[in-house]
Structure formats: structure tokens, C-alpha cells
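Please look through the sequence and the structure before reading on.

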Amino acid sequence: MNSIINSLGGIGRALLPYLGLLITALLTMVLILVTRRIGRKKQISPYSRQVITGAMVLLGFFIAVLVLPVSSEARGQILSLLGILVSAVIALSSTNLMGNAMAGIMLRLSRSFRPGDFIEVEQTRGRVFQQGLFTTQIQIITRDVINLPNLYLIQNSLRVVNKEGSFISAPVSLGYDCHHLTVEEALKHAAQSCGLKERFVYVEELLDHAVVYRVYGFLEDYTRILTAKSDLKKAMLDSLHNRGIEIVSPSFVTRRLQEEHTRILPQDTSRKEKTVESPQKKEESIEEKTFDKAEEAADLEELKEDYQELDKNIEALKEKKKQAESPDERQKIDEKLKTKSKQQSLLQERIDARQDEQSRQ
């Protein structure tokens, strides 16, 4: 028994110099867990939580070096070595790592976009799924999620579709034998059949072989922008063909024996079909399958905004209660506070459920 006690005492004396190191590590871990819990409760963005966690880990690491049971000279050498390593890492990765981090901070501060927004950059178009410190995840039309470096988003022209609606357009080139008033009427009719508002036609170019027209129309539901563009082009084909306006490429070189004044027009067989799929159902199905993750991210972002708005209302009611003079007025404020707190709790449950679902995915 005495031997066991002596062995434990020896182990304790051996670990005693490293007690400060163990305490520092434990405190750092506890602070990180508490910060994450508070950040999740206060609906702080994952991007901000990443920055705070990284700063706390770095601070804890340097404190651990300071409490190491070594001489002051050795401690100084360790800190110098760490400083050289950190400087080398920053120097080697400054163009990528630090550049993306700074770009992420700029995008976050400027609030250029948020999860759920439809954006276009170079040849990439899709809806934002998640914003990180170094990359931004975008869900494209194939339902796949791609990571774009934040520095890439800063350096290239970025288009964010307005949530309150946006003008969509589609071009078409026609020969000079087509009168522009006839073409304008046909293109406006195509935009009208797609449910677009404030329609107009713009003549872009007068080329040697054709005139380039572009029809515009205002789309209120920005989440249907891809489907709406496709439907607009289909409607343009139908409207032009129904009016006898032929659409052929300038490089159309197929040789055929044709009678004079013969037009190359496709036959419309859709009217002969007895059962036609509902366009509205098809549109909804395409959008839901294409941007399902981005739509969930947008819903989660709206829930967080509602939570923050409720939090502000609760704080305002608490201040109002302090200034209230009559007991009846304070009682009414208490009832409102209970209602708001209950709504906030329900919102918190929904947010936690959505976040858990996303983490499992």
C-alpha cells in the first residue's frame, strides 16, 4: 500500500511542473466550448465563430509556451522559433491563405450577399449555400456544391440578383428582311406569355448579316430565374415561328432544293398531344431539386434574422419596463415579454434542428 502511495506521489511531483500547462490547455478548451455555445445561442455566423476560435487557440498556444517549466533563455528561443515559423507560413501563403481570409472579411463587412442569394461570377452561376472565412460554397444548376475562394469573388465581377425582382433577357439575331416592329411585337408577346412584366425590346447591334434583338422582362420571383430564362427562350421560338419569322444561323450552309419563298419553320405538334405536363409543376420541381441546399440555407438565415429581431424587441421591452410607472403597465409588458420569449424559444428550436440537419448532411 505504501509503495502505491509513494508511486502516486512520485507521479504527482513529476507532473507538478507541468500543472500550468495542463490548466492552460483545459481553460482554452473550456473557453472555446463556451464561446461556441454562446455564439450558437446568439446566432453568430459560423464565419465569426471561426475567427474567434482561431484567435483563442493562438492565444492559448502562446500562453502555454510562457508557462513551460524551462529557463527564460529556452523560453525565448522557443518563442523566437515559433515567430519565425509563423512568419514563414504567412509569407508563403500570404497570396492565398491570408488573401482569402481578408477577402472573406471584406465580403462579410460589405454584406455583398448572404446564403440563399443567386449570384453570377464569370461562368459560374448558382445560389449561395454557405459563407466561410476562406471559401464560399455555391450550389449550381446540377445540384452540386462548389467552393469558390473568397479572393476569386473579390477579383472578378460579381452579380447578385435582387431579391425584390430582376430583369431577365434573351437575345436573338434575325435577318434584315424582318421588320423591327413585327419582331418587337413577337418578342413582347413571348415575354408576356412567361408572366414577365415591364417588357421592352432593345436593338443591340446592326451586323452585316443580321440584327441582334434582346427582349427584357421583369421577374418578381428571383428563385425561378433559371427556369424563367429557359421558358422565355422557348416562348421566343414559338412566338417568332407562329408569325412566320424564320430563325437561321448566319453560318447556315445546308444545301436543299426549295421552292421560292419557302420558309424553314418547325411544325408545332404540342396541340396534337392530349396530355401535357403542367408548366407550373415542372418549374417548381426543377427549382426545388436544383437548389434544395441553398433554399435550406436561405430559410435558416431568415430564421436567424427573425431571432435577432425578437431579441431586439425583448431588450426594448425590458428597457420600457424599467421606465414604466404604473403596475398595470408593467404587467402588460411582462405578458408581452412572456409571449416574445416563447416565440424566441420556438425559433431557437427550429434553428437548432435546421443546423443539426445541415451538419448531418
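Which residue in β8 is the bridge partner of Y202? The partner is R214.

## Basis of the model

This is a predicted model, in which local features need pLDDT of at least 70, side-chain atom pairs count only at pLDDT 80 or more, and totals for chains, interfaces and linings use all residues. Residues are numbered from 1 along each chain as its sequence is written, and side-chain values use heavy atoms, with hydrogens and water left out.

## The chain as a whole

The chain holds 10 helices and 8 strands; these are DSSP runs numbered from the N terminus, helices being H or I of at least four residues and strands E of at least two. Of its 361 residues, 31% are buried, meaning under 20% relative accessible area with a 1.4 Å probe, protein chains only.

Among contacts (heavy atoms within 4.5 Å) with a separation of 6 or more, 64% join residues 24 or more positions apart.

## The sheet

An open antiparallel sheet is formed by 3 strands in the order β6-β8-β7; two strands pair if DSSP finds at least two bridges between them. Its edge strands, β6 (166–174) and β7 (197–206), each pair on one side only. The antiparallel pairing of β7 with β8 (residues 211–219) runs over 7 bridges.

## Helices on the sheet

Helix α6 (residues 180–193) packs on the sheet and touches β6, β7 and β8. The direction of α6 makes about 140° with that of β7; axes are lines fitted to C-alpha atoms, for helices over the stretch in contact, and angles run from 0 to 180 degrees between N-to-C directions.

Helix α7 (residues 225–242) also packs on the sheet, touching β6 and β8.

Methods:
Buried means under 20% relative accessible area, exposed over 50%, partly exposed in between (1.4 Å probe, protein chains only).
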